[in-house]
Amino acid sequence: MEKGLTLPQDCRDFVQSLRMRSKYALFLAFVVVVFVFIEKENKIISRVSDKLKQGPQPLADANSTDPALVLAENASLLSLSELDAAFSQLQGRLHNLSLQLGVGEQQEQEPSPPARAGHRRHVLLMATTRTGSSFVGEFFNQQGNIFYLFEPLWHIERTVSFEPGGANAAGSALVYRDVLKQLFLCDLYVLEHFISPLPEDHLTQFMFRRGSSRSLCEDPVCTPFVKKVFEKYHCKNRRCGPLNVTLAAEACRRKEHMALKAVRIRQLEFLQPLAEDPRLDLRVIQLVRDPRAVLASRMVAFAGKYETWKKWLAEGQDRLQEEEVQRLRGNCESIRLSAELGLRQPPWLRGRYMLVRYEDVAQRPLQKAREMYRFAGIPLTPQVEDWIQKNTQAALDGNGIYSTRKNSSEQFEKWRFSIPFKLAQVVQAACGPAMRLFGYKLARDAASLTNRSFSLLEERGTFWVT
């Protein structure tokens, strides 16, 4: 480079933007170097990458995500503990480098809330898209003493960009977990580094689905409305000014409990450090749904992602592309492996894991809500019971596919009359092990698929293991 040559303005702006972001932005910039370093010294990545594949990056749907990790057939997630350990060893080095670049100072200055283990509960509703998680999440959102966040990890997914490959996909899961821990500690400032455009003076107009969190739309977080300020995800029932992250963090600390819904946490084993953190009292509720119903719902909600499937159905081809089948199988296997781990109740998860089927919630919402609250160790209030009574025996509201108001006992089997038997067969072949674990019966033919008198659901009672 010639002496005196200056960078173009857009390059200087990029460098300045990089300096403003947290250690996570730095982590992204150096992730490839880090993984190469691990591979060189410890030969870890070669073992992990052979077992993991990453699905395609999500498209532009506001609340959709394909799994970050798609498992090859017969793959195992247990070897990720090696990668997790290596990542922890390197965090200190990355942190020191971030301080040298001046991008980690604010994070260091934010105090952690006082430890309240044994009293304050931290509930994670862990699910995948189109499993009814928004509806079940309302069971916690409607209780006044719980600070509830709706899909805050959406911001991380929109900002974090990893190259394809198992190791990098595993790295994204570690970032999700790190952010999740800070959120459970009411450090909401961590989200500022992922919201685009960047908040100014801790004010943002772009908090994803703010209106789906009562805690972000009530006093004192709901500040006076500001005219001519457009808020993309505004509060539903009242007009508020831009979200003040400081006020939200303070409100989080004042609430007795914390709950969070996430469809971007894929592997239960990644949560072990959170379960063992003395500042947290973690409760994980894994929500599952019949994969045939999930696929039918996704093909409607995220139509653009399923053009290959639609073409296959329309043209009557014998075989679907193997890549699509592998992705479907990987989705189901990821869910199954996490559930099997949770049901085994290893010491770090004992009393902290509950498996819930959406179909059971739809048929007996109040009963299942009481079970979930009992598991979480939080008394259920009449406020939640009233909401459940009003919103599970009502017609759909104007929110369409994102509605949380429905006649749940009638809605949960509608998919049986919209999905071709040919499609159901593909799901049953790809997701057989998961369906057997969760008690979903196979449809033998088209007639049994649409015959309501033939139940596709085995009675399993509660999956909660104490």
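Which element gives the most to the lining of the second largest cavity? The structure examined here is a predicted model, in which local features need pLDDT of at least 70, side-chain atom pairs count only at pLDDT 80 or more, and totals for chains, interfaces and linings use all residues. Residues are numbered from 1 along each chain as its sequence is written, and side-chain values use heavy atoms, with hydrogens and water left out.

Rolling a probe the size of a water molecule over the atoms shows where empty space is left. A cavity is defined on a 1 Å grid over the protein atoms alone, as a set of points where a 1.4 Å probe fits but cannot get out, and its lining residues have an atom within 4 Å of a point. Grid points are joined across faces, edges and corners, and a volume is the space filled by probe spheres set on the points. Five cavities of 30 Å³ or more are found in the structure, and the second largest cavity holds about 80 Å³ of space. Its lining is made up of M126, A127, T128, I265, R266, Q286, L287, V288, S334 and I335. Two or more of these residues come from each of β8 (282–288) and α13 (322–344). The opening question is settled by β8, which gives the most, with three residues. Helices (H or I, at least four residues) and strands (E, at least two) are DSSP runs, numbered from the N terminus. By class, the lining has six nonpolar, three polar and one charged residues; Ala, Val, Leu, Ile, Met, Phe, Trp, Tyr, Cys and Pro count as nonpolar, Asp, Glu, Lys and Arg as charged, and the others, Gly among them, as polar.

Strand β7 (residues 257–262) comes next. Six of its six residues are buried, where buried means under 20% relative accessible area, exposed over 50%, and partly exposed in between (1.4 Å probe, protein chains only). In a regular strand the side chains alternate between the two faces of the sheet. In β7, H257, A259 and K261 point one way, while M258, L260 and A262 point the other way. Two strands pair if DSSP finds at least two bridges between them. Strand β3 (residues 122–126) runs parallel to β7 and is joined to it by five bridges, with V123 opposite A259. Strand β4 (residues 146–150) is also parallel to β7, again through five bridges, and here F147 stands opposite M258.

Some backbone details are found in the loops. In the loop between α8 (166–184) and β5 (203–204) lies P197, which a cis peptide bond joins to S196, with omega about 0 degrees. D201 lies in that loop between α8 and β5; its phi is near 55 degrees, a positive value in a residue other than glycine, and D201 is exposed, with a relative accessible area of 71%. H202, also placed in the loop between α8 and β5, has a positive phi near 65 degrees and counts as partly exposed at 23% relative accessibility. A cis peptide bond also joins D219 and P220, with omega about 0 degrees, and P220 is in the loop between β5 and β6 (243–244).

Helix α15 (residues 365–376) has twelve residues and reaches 16 Å from its first C-alpha to its last, close to the 16 Å expected at 1.5 Å a residue; the expected span is 1.5 Å times one less than the number of residues. Nine of the twelve residues of α15 are buried, including P365, K368, E371 and F375. After α15 comes G377, whose phi is positive, near 80 degrees.

Terms used: 1 Å grid on protein atoms, 1.4 Å probe; cavity = no way out; pocket = protein on both sides within 12 Å on 5 of 7 lines; lining within 4 Å.
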